[in-house]
Amino acid sequence: MGRPSSLSRRAPGAPSRRNVLAGVGGLAAAGALAGGVAGCAAPQALSVGEGKTRLRYWHLFGGGDGINMQGMLDAFRAEHPQIGLEAATLQWGAPYYTKLGLAGAGGRAPEVAALHLARLAGFAPGRLLDPFDLGLLREFGVRPEEFPEGIWKRGAIEGKQYAVPLDTHPMVLFYNTEVCRKAGLLGDGGKLRPLEGARAFADALRAVKKVTGQPALVTETLGPGVIGPWRLFSTLYSQTGGRVLSEDGKTLALDDAKALVALEYMSMLVADGLAVKRVDYPGAVGVFNNGKTGFYLNGEWEISSFLATEMPFSMTRVPNLFGRATTQADCHAFVLPHQEDRGGESNRAAHAFVAWMLKHSVEWAKGGHVPAYLPTLKDPAYLALTPQSEYRTVVDDVVLDEPAWFAGSASPMWIELGAVFSGVLTGSRTPQNALAEAKKRLRTLLDTRNPFGDSRNAAGGASA
Amino acid sequence: MSAPVWEKDKQVRAKVRGTVKGEAAATGRRPRWTPGRVVMLVVALALVVVWVLPIAWAVATSLKPEGETTKTPLEWIGSTITFDAYQQVWESGDLGQWMFNSAYISVMTTLLTVVLCAMAAYGFARTDFRGRKVLYGLVLAGIMVPPQVLIAPLFAEMVTLGLVDTYWGVILPQVAVPAMVFILVKFFEGVPRELEEAAFVDGAGRWRVFWTIVMPLSRPILAAVAIFTFISTWNNFLWPFLVTTDPNGMTLPVGLVNVQSSYGVRYAQMMASVVIAGLPLLVVFAAFQRQIVRGVAHTGLAGQ
Amino acid sequence: MTVVDTHAAQPAAGPRPAPPAAGAPAVRVKRHWSEHGIVFVAPFLLVYAMFLVWPLVSGLGMSVRSENIAGTDAEFVGFDNYAEAIGDPDVWASLWNTVWFTVLSTVPLVLVGLVLALLAHHLRFVQWLWRLSWFAPFLLPSGVVGLLFLWVIFPSDFGFADQALAAVGLEPGIGWLTDERYAMLSVVLTTVWWTVGFNFLLYLAALQAIPAHLYEAAELDGAGSWQRLRHITLPMLARTTGVVVVLQVLASLKVFDQIYIMTGGGPDESTRPVLQYVYDAGFTGYRIGYASAVSYIFFALILTVSLAQLWLSRRNREENAR
C-alpha cells in the first residue's frame, strides 16, 4: 500500500478490512436494487412450522371482543394443527381500514380479515377484496340460507359474495338495575318496564335523576374521532322513519323536519341535565361502571367491561321514541383481502377458518353481538346467555348505513358527522346549525368520486 | 487565512469535548456561588424535575398492578412493585420482532447513507466529469424537498415495485439524503489535495485513495453523519408507518401505535411497552453521550 | 435553502478556505483528478433519482389524474384536484392548523432552548445531568412520546397532568386532548418537552464558541452579568438564533406524528395538520391523486419559507459584506 508516511500521523490507522467490506456490501445491495430486484420481504413469522398451511388473519377486536376472539383462535389452532394461524390485532377504526386497504393495494394482504359490512361498498370488492368460493364454504358446512337474507345480500355485489357476516351489533340501552329499581322503573322479574315514546323515556330519566341527583344517561359525546353522537343520531332519526341517503347511496335523502326532531331531542337531553354533557368514550364507560348514571347508550359490545365488575346491570333494546323501534347497527363480517395469487391450500384454510368461526359463534355472542349464523341464534347455549340474548329480536329492526363508499363503521361519514353531532351534545352547535353543517358535509362526500370508480358500487340488499 | 476546515473540525471537537468534561469554556477559573448562581441552580433543577417527571410516571405506572394504574389521587408506588406487565408484553407481543426490524432497518439505512453520500460527495468535491455542476446543483436543490411531500407518489411507486411490506421499501427512500452530501462535500473540499497526490504518485488508483485515505481521514464527520442518520431512522414514523402493513414487518414506533393488545386497555402493559421501546436509544445515549452530542450539533444544523 | 454552515455557531470563523491544489503537478496525476468521477456519484444519483426525483415528477402527474391507491381508475382530470383542494375548507383548516402549530411551538421551543442552554452553560457543572434530562426525550421515538402522553399524562381525571393540577389545588377534569380549547396547546406542550433538547444543544454549542476574551474585557470594564448577557452573549447568539428559528419553523410545518397519535387530528379536526389531511385523503380515503395535489400545495408553502430564508440570509450576508 503506497500510503505516504506523513498521513499516518494525521489519520492513524487505515480503514479496517471490515469497514471496506461493509461498504462494499452496501454497494452490492444498492446494485441489486438497480437490477430491479424486489426487496426481500420482511421476515415471515417463524411460528409456522414445516408443512403447515400459513393463514394470516387480521382483525380489529380489542377489549372483551379481543379476549373472546383470542379464545376462539386458540381453540381453532388446537383443532387444526395443520394450519399455521397468525392473527394480528390492529388498532380499531380508520387506522385498521387504512392498513387493510394498503395491504390489498400492496399485494401482500393477509388471507382473511374482519370487516364491517357497511364498509363493503367503499372497499372496492374485486380490487381490494376477493370473492368467497361458496362451494368451498358449503364443503365446510356453511350455506347462504343459514343467514338472515338482508345482511347476506349486503355482502354480495354483482352476484359475487365478498363478505360473510359473523354478527350484528346494534346500539342498545344498558341500565343499572339497582338505580332503576330505586327509581321505580323495573317491572316483574327485575326487568326494565317497556318505555314507549320520547316523553316516557325523558320521564324515566327524570325519575332516575331524582334518585341519583346526577344526569341519568351517559353516552359518548366528544373525543378524538368521536362517533357516538352519530350512532345516537342515526338511531333516533331512523325511528322517525327518515333515511340519510337514498337506497342506492347516491343522493342525499336527509329529511330536515325529521332530523330536527332527533337533534332537538339530543340537545334537550343535555340542556335539561338528563345526560352527561362532556364525556369521551372511556369516560362514559367509567361513569356507567361507577354506578353514577342509570342508563348508558352504546353498542352492545361494551357488555364485557361491565360483566367484569360487580355493578348490577342489564340491557335492552333502545326504546321506540319516535314511532319505529329501529336502531343503528353494523355487522362484523369476514372478507378475503385481495391477493395476486389467491388459491390453493391457504385459500382453503381461509374458508375453513370462516366456516369454523361461524359454527362456534356462541363464544363470540358472549361479547354481546347477535350472531348472524342462524343455527347459532337457535342454539340453546346462546339462548341461555343473559343478558346477551335479551335483545336478539332487534336484528329485525336494525338500520345499516346505505351502501355508499364513504359509509360504514369508522368511515369518513361517521367521523365527519360524529364531530358535527358531538357539537349538539356539548352545546357548541344548535340543532339547526348541526343539520346545515351535516348536510354540507354529506354533499361534499357525495360530490367526491368514489376513488375506486362507480361501476362496482352497485347497491346490494337494502338495509336489513 | 485560518486553519482548513478539517482542522477546524478538530478544534470544534476539542471545544465540545472540553465542555463535556465540565470545563468552563467562558473563563478558566472556578465559579463563585453568588446568589444569582444559586437561583439559576434552583431553576435548573426545577426544570430537570419537570423534564424527568413524565418518564418517571411512565416507569411508575408500568410497575403497578393493573388495577391500581388509574387510581386517584395519584400514587407513585402501588401496593406492590411488580414486573408482570413487562413479562406480559414481552411474551405476548411482537416487541422483539419490532425491535429487530428497527435495528436492521436503522443499521442498513445508516450504512447505505454513509457510503452512498460519502462517495457522491467525494465525486462532487474531488473529481470532474461532464455535467458535474449541473448534477450537484440538482442534488442541492433536493435539500428543499421534504420527504413528507412525496408520500403519496412514493407509496404508489412502492406498489409498482412490489416493495410494500419489505425492508427495502422502508430503507431505500431514506438513504439518498442531499443534505448529507452537502455536509460531506464541504468537508472533503477542505482536505488538502497533497495527501491524495502522494498516493497517486505511488500508483494508487482513485478508488483505493478514497477508501484508504479519504474515508479514514473523515471518520469524525462520517461518525456525525452516521449518528444523525441512525437516530432519525430509528425514530422515523411516517414512512415506515405507511409502507408497512403487516405487523411482522413493522418498526418499533409503528408497531406500538398500530397494533393493540387483544385485552383492552392495560395501562401498566402499555407503559411497559413504552419504556422498553424508549430504552435502546437512551442506553446508547448514555454510553456515547459525547459522540452523540457532537454528531447532533454538527450535523443537525444541516440535516433537518 | 436550509443548509447552514456547520460552523455557523462560531461567530469568529474566518472566510471558508477551500485550498485547491494550485498549479497541479504532473499530467499523469492530473488525469487522476477526473478519473472515475461518475462512478462515485452514480450509486447515489440512482437512488436519488428513483426515490426523490421520480416521485416528485410522478406526483405531479398523479395530481392531475383521478388516481386511487390501487393504481386503477386513473383518468386525466386536469386541474380538478387542485381546484377541489383550493375550494375545500378542510384543506384550508388543516393548513391553518399547521401554521398555528408552527407559531405556537416555535416560540417556546426557541426561547426554552435558549434558557436551558444559558442555565447549563453558566452553571458549568454536572453537564451530564442537564444534557441527559433535557436532551434525552429527543431520542425517544414519536410513538413512545405520543402513547406516553396520550395514555397516562393527558387523560381527564386520573391523568398525570390533571392530578398535578389537583395537587396544587386547581380544578381537575380538563379535556387536555378532547377539548377543542386545549387540544392544540397540549400537543404543543408535548412537542416542547420532546424536542426542545435539540435546540438546547445547538445553543449550547454556540455559547461555548463565544471567545472568552470578550467576557474578560467586559468584566474589566465593570460590566455586570446582566450587561454581559445583553451586550455580549445575546448579540453573539443572533446568527444561531436565526438558524434555530428557521430549522424549527421548517420542522414544525412538517408536524404529523404526535398529532396523529395523540388526537388523530381531533377533536372535530381542530388539530389536524395538512400532512394528516394528505394521509386521510390519500391513504384512508384512497384518493391518492387528490392527495398528491394537496401535497404540492403544502410543498409550495414549505418552498416559500425556504426561499424566503435563503433570500434573507443572502441579503444579510451582502449587508455584512458592505
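The C-alpha centres of domain 1 and domain 2 of chain A lie 28 Å apart. The model is predicted: local features need pLDDT of at least 70, side-chain atom pairs count only at pLDDT 80 or more, and totals for chains, interfaces and linings use all residues. Residues are numbered from 1 along each chain as its sequence is written, while chains are lettered from A and ligands numbered from 1 in the order in which they are written.

Domain 1 of chain A covers 53-168 + 331-383, and domain 2 covers 169-329 + 397-447. These bounds come from an automatic or database domain assignment. Where do the two domains of chain A touch? In contact are 19 residues of domain 1 and 23 residues of domain 2 (contact: C-beta atoms, placed from the backbone, within 7 Å). On the domain 1 side, α3 (63-79), α4 (94-106) and β8 (167-176) of chain A each give two or more residues. The largest share, 3 residues, comes from α3(A).

Now take chain A as a whole. Its secondary structure comes to 18 helices and 15 strands. Both are DSSP runs, numbered from the N terminus: helices are H or I with at least four residues, strands are E with at least two. Of the 464 residues of chain A, 53% count as buried (20 or more other C-beta atoms within 10 Å of the residue's own, these atoms being placed from the backbone).

Next, turn to chains B and C. Here 108 residues of chain B are in contact with 102 residues of chain C. On the chain B side, helix α2 (residues 35-62) gives the largest share, 13 residues.

Conventions
A residue is buried if 20 or more other C-beta atoms lie within 10 Å of its own, exposed if 12 or fewer, and partly exposed in between; C-beta atoms are placed from the backbone.
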